[in-house]
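Hi everyone, thanks for coming.

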Amino acid sequence: MKGRNAAASAAESQHFMLVLRATASAISCAGIATLQARQLLITQTAAPLGDAAVVQATSGLATAYSLGSVAEFFLSPVFGKMSDRFGRKPILLFFMIGPAIMRTLCALVEQPVARIRLLWLDFASARAIGIQPFLGMCGTMITDAFSVDAQPAERARLAASTAFGNIIGNYASGWWNSRAGPRSTYLYTAAAPLFSLLFAAAFLPETNPEIKDGWPSKQNGQSSEGAVAKSGKKSAYATLLLDPECFLIGGALGLYEFLNYAPMNSVAILFMKERHNWGPLEAGRFASGHALAGFCGNMLAGRLLQFLGKRLYVTVTNLLTSVAYITWAVSKTGPGLVSCLLPLTFGGTGGATVLVTRFMQRAVQLGLSPGEAMGVRSAIGAVARMAAPQLFTRLWLRAMAQKGQPRALPLGAPMLAVAAIALIQELLHQSSLLVRSS
């Protein structure tokens, strides 16, 4: 009987991950396609208004990114608590509605000033009620559905699916933008979350164990009150950030935002143009190669975790990430730049799968719910996402201003900063292990 129950549970887990990974892949594909189309659409829309309008519209996207991250910082804990109260699935579905509405409006509204403002709002909302909190909620559902030992491998599979979506989105968007224009791309990427919503609504199960038949159980409210009383009515922020282990792990997780390609995208394009004389086509291919390296690394993560163990796996990924970005920074030729993708395949953000699991596990031990822990973790990430583009841009501008001078900052300074950040992550990782063992 136990064997049958175990087999049924394994089949349910496989079904859950299949649906979740397919949904995440579709949402990521549409998200990265929209990222490319947004820049083209806002430039085309502002062009008839003059060069100054183009500059203002483009710079407004950077402001929208920061404002969206600020909103995410404040909204993430709210969404976490709502998922504890009403379930993970309704909140996940909600995160698909916002992007569909915003993208449709951006495509249909033709008045230039109104469309530019909608594109700003679309970019900001993607941080607050779009792809970013969507992926956070996916991680919380994995926490609900799998044991602590199984979670890192499942998080890696989810990351591989999102990376696969990014690869497809990069190629499909570039091809369709040149063929039919960014407005058409926006209409297609608006339809993607709607179809994903219908698919997830039909096949994705609810993972919150305190939700019965789609409704909160009576014990849900009682357990939430008990958790608050147990933690001395301290906020989730205070509970987690005053705990040494969670503080160190949270810091390491926040720094992973600096390793993502998105905040470095603009600086990377400028670096490749200045150092290697690459145009948009070559830069786009490198971005796809970067995404492919992440996909391969996450596909191999399960085997590497078994072979190296969790502690050594995180250490290896951090060190290889540092090597990859140093190689990128000092590259003089195109093949030299591409060679950084090899260590990046086994590095990158792979260690986050282990650290997220430790962070969530420790939060539960401290009396918090997975939803509350997810909210705090997302808020930490939002702060890092605000800082990352500013750091990379300032380093690049300073390097360009000092170009040709003695002791000038190298053009690869942003990449060297990421290499240093990866080493800081390893220091935080090892410190958290010492705190836990003490």
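Let's start with the overall fold: the protein chain has 18 helices and 2 strands, where helices (H or I, at least four residues) and strands (E, at least two) are DSSP runs numbered from the N terminus. Before we go on, please keep in mind that this is a predicted model, in which local features need pLDDT of at least 70, side-chain atom pairs count only at pLDDT 80 or more, and totals for chains, interfaces and linings use all residues. Residues are numbered from 1 along each chain as its sequence is written, and side-chain values use heavy atoms, with hydrogens and water left out.

Now the overall dimensions. Along the principal axes, the C-alpha atoms occupy a box of roughly 65 × 50 × 40 Å. The radius of gyration is 22 Å, which agrees with the value near 22 Å for a compact globule of 438 residues; that rule is 2.2 Å times the number of residues to the power 0.38, and the radius is taken over C-alpha atoms.

How much of the chain is buried? Of the 438 residues, 51% are, where buried means under 20% relative accessible area, exposed over 50%, and partly exposed in between (1.4 Å probe, protein chains only). As for contacts (heavy atoms within 4.5 Å), of those with a separation of 6 or more, 81% are between residues 24 or more positions apart.

Let's zoom in on two residues. S288 sits in helix α12, residues 280-308. This serine counts as buried because its relative accessible area is 5%. Leaving aside residues up to four places away in sequence, S288 touches I167, N170 and Y171.

Our second residue, A192, belongs to helix α7, which covers residues 182-203. A192 is at 22% relative accessibility, so it counts as partly exposed. From A192 to F346 there are 154 residues in sequence and 31 Å in space, C-alpha to C-alpha.

Finally, the database record. The unreviewed UniProt entry annotates "transmembrane region" at residues 91-110, 185-204, 312-330, 336-356 and 408-428; positions follow the numbering used here, feature names are shortened, and annotations may be inferred rather than shown by experiment. What does the model show for two of these spans? Residues 185-204 are 95% helix and 0% strand, with end C-alpha atoms 27 Å apart. For residues 408-428, the model has 76% helix and 0% strand, and the end C-alpha atoms lie 30 Å apart.
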